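The exercises below are meant to be worked with the sequence and the model side by side. Try each task before reading its solution.

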Amino acid sequence: MSPFEPTDVSEDSAAVADDAALVRDSARPGRLQGALFQSIGDAGRAELVERRLAGAITGGHLRAGERLPSEYDLARTFGVAPTTVRESLLALRSRGLVVTRRGRNGGSFVTESADPVAHARTALAGTSRLALRDLGAHYSAITAACVRLAARRAVPSEVQQVRSRLNRLDASDLEQWRSTLDDVQIELVSLSQSARLTREQMRLQAEMSPMLRLIDADETSRSAQYAQLLSVVDAVEAGDDHAAVAATERMVDAAIDVLINLQSRTH
Amino acid sequence: MVTTTTTTATETASRAAAIVSQYFSAPIAALEAKAVQLSVELAASGRFGELSSQQLDGLVEPHALNIIALPDARVYGAGFIAAIGLLTDERHHLSWWQGEEPKRLLLAAQSVNKEHIDYSELEWFRVPMETGQGHVAGPYVDYLCSDEYTITVAAPVHIDTAFVGVAGLDLLIDSIERQLLPQLAELGDKVTVINSVGRVVVSTDPHHAAGDAVRGGALAELARTACDGVALEIIAA
């Protein structure tokens with residue numbers, strides 16, 4: 001099970017919410033109020049808010065020591081009552097993921113001990129090879145679709161921007177390494193000029209990212225992944241869509257192989 | 001009355017350029033005015049150097065909502081993106097409003113956490129910061145703010161010579177297409193609007209899609225007509 005799962009809303013409320021969203025969001029190109037800024041619906045709201053925040057914390061997207069948005073802001077974003085947010089924060093506190101400080105610079109903060117790598121190891125141990133391979137298949141398919149388009153549509157200056165960020169990468173800070181690589185991956189897929197594909201790839205990148213940290217921790221695997229990503233960039237720059245797809249598939253296959261290997265060692 | 005003169009591709013291109021310039025002129029002017037106002041207000045706040053994200057939001061909000069409410073061009077989002085390390089409480093901060101009923105953008109609460117995306121690398125921030133000039137970025141997929149295919153108009157904000165951030169507004173390509181296509185189609189010839197790196201913004205020719213690069217394609221060799229006031233060009237066939 002991914003530490004960063006998407007939020008489920010009950011079917012009926014989702015259908016009603018979608019219709020209302022369609023009417024409301026006529027400014028948006030026919031897209032429903034997207035998953036990226038999704039209102040949480042009816043039952044089990046506190047649990048859903050808790051799950052989303054916990055996912056962000058264990059996935060390393062909210063960092064140790066980081067301040068959470070205010071209860072009011074969270075309530076507004078998720079479309080729930082502040083009391084619901086308070087309920088979920090209570091649960092997160094009891095899970096040891098969040099601490100609350102009072103006073104002038106008070107608020108809720110991610111605990112210092114929240115360790116995304118530890119959480120990723122637990123998540124990996126708790127998942128199956130089947131689930132890992134299927135995640136790989138999904139991630140590979142979407143990312144490949146993006147780079148295929150990027151190879152056809154990117155202009156040289158854009159790809160050079162991506163390349164220069166990759167060149168500046170420094171393995172001495174693994175947190176920064178993973179952050180930057182995720183950023184670069186998303187920037188690369190955005191060169192597809194497809195908003196839909198980019199949004200989907202971002203969700204998958206968020207799912208993969210915690211586990212990619214486990215790969216980052218090993219120098220050999222990390223370097224191999226980096227070299228493979230560079231091949232993708234090379235292919236995109238050359239305008240070779242077939243090569244870009246092939247390089248992406250190789251990169252993801254290799255990542256899944258490493259993860260399956262790591263997983264078998266924990267059993 | 002029937003006219004006997006034929007419209008040449010050059011005439012079409014000029015007319016198309018005028019239409020495009022007109023479309024962008026109000027948003028660009030409004031944004032540049034906002035950049036100046038923000039500079040004045042930030043300096044006058046007296047708290048410059050000790051500003052919190054909440055205080056900045058309070059200052060920016062009326063300006064952002066004002067730009068979104070501009071008639072004619074459908075501005076989807078607007079706001080101010082702070083220079084890295086400007087604020088006392090957050091190293092990175094976007095004071096950004098967007099949507100039909102404009103809401104403040106909250107990055108940390110998104111289902112895909114965007115708070116750690118380094119916006120200093122993104123074109124609409126980087127170019128105004130480096131050049132000290134306004135810039136029109138895109139079309140591009142704006143995965144930080146709008147999540148849609150977007151053109152961002154951006155202007156740097158300075159206090160004296162110090163760069164303090166970028167004022168920006170988003171126009172969705174979808175809206176641009178809906179508004180410009182009917183006007184351009186009336187011109188008769190096939191009209192394609194491209195940006196400064198040769199990417200199609202909108203075209204009355206269905207064979208040219210927004211996002212396509214003209215490089216190496218059928219349009220590559222054709223003459224281009226510049227649009228006044230905005231870094232876009234017209235190709236008329």
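The model is a predicted one, in which local features need pLDDT of at least 70 and side-chain atom pairs count only at pLDDT 80 or more, while totals for chains, interfaces and linings use all residues. Residues are numbered from 1 along each chain as its sequence is written, and chains are lettered from A and ligands numbered from 1 in the order in which they are written.

**Exercise 1.** Find which residues A:Gly107 is in contact with, leaving aside its neighbours within four places in sequence.

Solution. Contact requires that the C-beta atoms of two residues, placed from the backbone, lie within 7 Å. A:Gly107 itself belongs to strand β2 (residues 107–110) of chain A, where helices (H or I, at least four residues) and strands (E, at least two) are DSSP runs, numbered from the N terminus. For burial, a residue is buried if 20 or more other C-beta atoms lie within 10 Å of its own, exposed if 12 or fewer, and partly exposed in between, with C-beta atoms placed from the backbone; A:Gly107 has 14 such neighbours and therefore counts as partly exposed.

**Exercise 2.** Describe how α6 and α10 of chain A pack, giving the angle and the distance between their axes.

Solution. Axes are lines fitted to C-alpha atoms, for helices over the stretch in contact, and angles run from 0 to 180 degrees between N-to-C directions. Helix α6 (residues 129–153) and helix α10 (residues 219–238) of chain A meet at about 40°, with their axes 6 Å apart. Angles under 35 degrees count as roughly parallel, over 145 as roughly antiparallel, 65 to 115 as roughly perpendicular and the rest as oblique, so α6(A) is oblique to α10(A). At the contact, A:Val147, A:Ala150 and A:Ala151 of α6(A) meet A:Val232, A:Ala235 and A:Val236 of α10(A).

**Exercise 3.** Work out the order of the six strands in the open sheet of chain B, and then identify which helices pack on this sheet.

Solution. Two strands pair if DSSP finds at least two bridges between them. The six strands follow the order β3-β2-β1-β6-β5-β4 in chain B, with antiparallel pairing. The edge strands of chain B, each pairing on one side only, are β3 (103–104) and β4 (135–141). Two bridges join β2 (residues 94–98) of chain B to β3(B), and B:Gln98 stands opposite B:Lys103 in β3(B). Helix α1 (residues 9–44) of chain B packs on the sheet, touching β1 (75–82), β5 (149–159) and β6 (162–172) of chain B, and its direction makes about 35° with that of β5(B). Helix α4 (residues 173–185) of chain B also packs there, touching β1, β4, β5 and β6 of chain B, at about 55° to the direction of β6(B).
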